Amino acid sequence: MSWMSSEEYANTTSYKLSLLSDTKRRGYKVSVKNLNSWFGSKQALKDINFDVKENTVTALIGPSGCGKTTLIRCLNRMNEMTSSATVKGSVYLDDIDIYASNVDPVIIKRRMGMVFQKPNPFPTMSIYDNVAAGLKLNGIRNKALIREIVEESLKGAVLWDEVKDELGKPGLSLSGGQQQRLCIARALAMQPEVLLMDEPTSALDPIASAKIEELMNELRKELTVIIVTHNMQQAARVSDYTAFMYLGELVEYGPTKQIFENPQKELTERYISGKFG
Amino acid sequence: MIGAAGYTLFMLVLVAASVIEGSMPIFSFEGIGFFFGTDWNPVEGREAYGALPYVVGTLVSSAIAMAIGVPISLGIAVFISEISPPRFGTPIGFIIEILAAIPSIIYGLWALFVFRFWIVDFIERPLYEAFGGTIPLFARTPFGLDIFTAGIVLAIMIIPIISSISREILKAIPNSQREAAYSLGATRWETVWKVLFPYAKAGLLGAAILGLGRAVGETMLVTMVIGNAVGANAIPDTLFSPSQTLSSIIANEFNEAVTVFHSSALIALGAVLFILTMGINVGARLLVSRMVKVTPGAKE
């Protein structure tokens, strides 16, 4: 291409397209490729491969210790928080390999929100400030805008009606289920493209869990949800796709209906029917 | 158990009573003016005793120590618990524990024979030469035995204490708080400043107050480096002026205090120091309890 300077070439559509991984071209939001993870010398994830479509809910199920929490924490580089953990392989968010050396993990976490097993609101902050925390961290100073996003996020987490008159109260003054929805609102305020939920209802009573499950149906319209759950009924109720994991391996992945009604692998069938785990 | 409680109360009453009794003569001689007087003259017939310079010396040297020591201690604690990998953090933490256990007189010896010359050469003289003519704070030829040296050495002494306690406090913060912050796209710095420090502020304040308590009451180390000025001269007019603290003047003069007024004056200084440290302690407790006060209905 001698007729084009390198600068001009860098601006051509064909060059830009060539930079796209096939993740986006195939219409997937998240692609996991040959992902391995270790804690010290113990391998926790073995060669995981799967793709997640945009605006779907994907459930990760499996018995305790199968690596589902490790997997979801690898998806936004949260796993790096654990000092003994190492990761090999790739996770693509759209066309970005989030483990590439030039990718800032902070940016990845802003695009992929996370909700944890136990509600973890910031105890020194009010309900309002909890939701606004992420916005303030990202340098948004416009008070009116923050107010608007806080209200929107609390509505999105179906908490607004319960707290709208007491936004100044400490986040810890809420009940456990409300605290978890507060944490969801806090994650939503960042307007993430993907929401990762690590057993978000395991610490909650059935009524609070039902509210969060309902919420997931709403969230699917706006973003992509990946949820870890040890509750198979929950996976069957809320998810479009299900991944069954066992001993660090992804045994079977497919549409939820298929996994639960017509599993292809014997191991999946035995787990689904409650024969182990 | 009643015995133990009784013992502590008994000791408190005993100490308070004997300190008050011992200081009675000087209060009947100087009256309330003892607290505000600046003269200090033990010569019989010309006696004058005032506590003000030593209160000022104590507060200023401790303030210098806190201003230098607290930020450095927090930095060390954050480095060990949040930044360094365990294979560095653990040995550093261990070394700090050892530093915290060094008797203060050893810091004092080192400061007197080694460190004060460094302070003069590398900090005080450059400051004096640069700003001595313009800023009154530095307008005095430095010799190294002054309130600034005392403040720095006090800071060196309290840094291990404050940083090892702060480290424990930071370590006790549940990981879920860090994860919450990181999951919102906070950098490590933002996590420390906006999440961890607010979470632990009561404990960190307690650690700082503990260091302040040590600095205010520290005796030998200060006596060795503060320059031991007496009377109005002990009120430092520059950073490089010699001064005197409540405890250092007691340590300097208890041996020569043969007259009733002289020994009574020293005991009265002890009473002032007692009130000062107690005030700091009570104030700190109030501050901490105000900070951790939980709104009704709140739960963990």
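Here is a short walk through the structure, from the whole chain down to one of its sheets.

Keep in mind that this is a predicted model, where local features need pLDDT of at least 70, side-chain atom pairs count only at pLDDT 80 or more, and totals for chains, interfaces and linings use all residues. Residues are numbered from 1 along each chain as its sequence is written, while chains are lettered from A and ligands numbered from 1 in the order in which they are written.

Chain A has 13 helices and 10 strands (DSSP runs numbered from the N terminus: H or I of at least four residues for helices, E of at least two for strands). Its radius of gyration is 20 Å, close to the 19 Å from the globule rule for 277 residues, so chain A is as compact as a globular protein of that length (the radius is taken over C-alpha atoms, and the rule is 2.2 Å times the number of residues to the power 0.38). Along the principal axes, the C-alpha atoms fill a box of roughly 65 × 55 × 35 Å.

Now for the sheet. Four strands of chain A form an open sheet in the order 2-1-4-5, with antiparallel pairing (strands pair if DSSP finds at least two bridges between them). Strand 2 (42-53) and strand 5 (96-97) are the edges, each pairing on one side only. Strand 1 (residues 28-39) and strand 4 (residues 85-93) of chain A run antiparallel to each other over eight bridges. Along the way, Trp38(A) stands opposite Thr86(A) in strand 4 of chain A.
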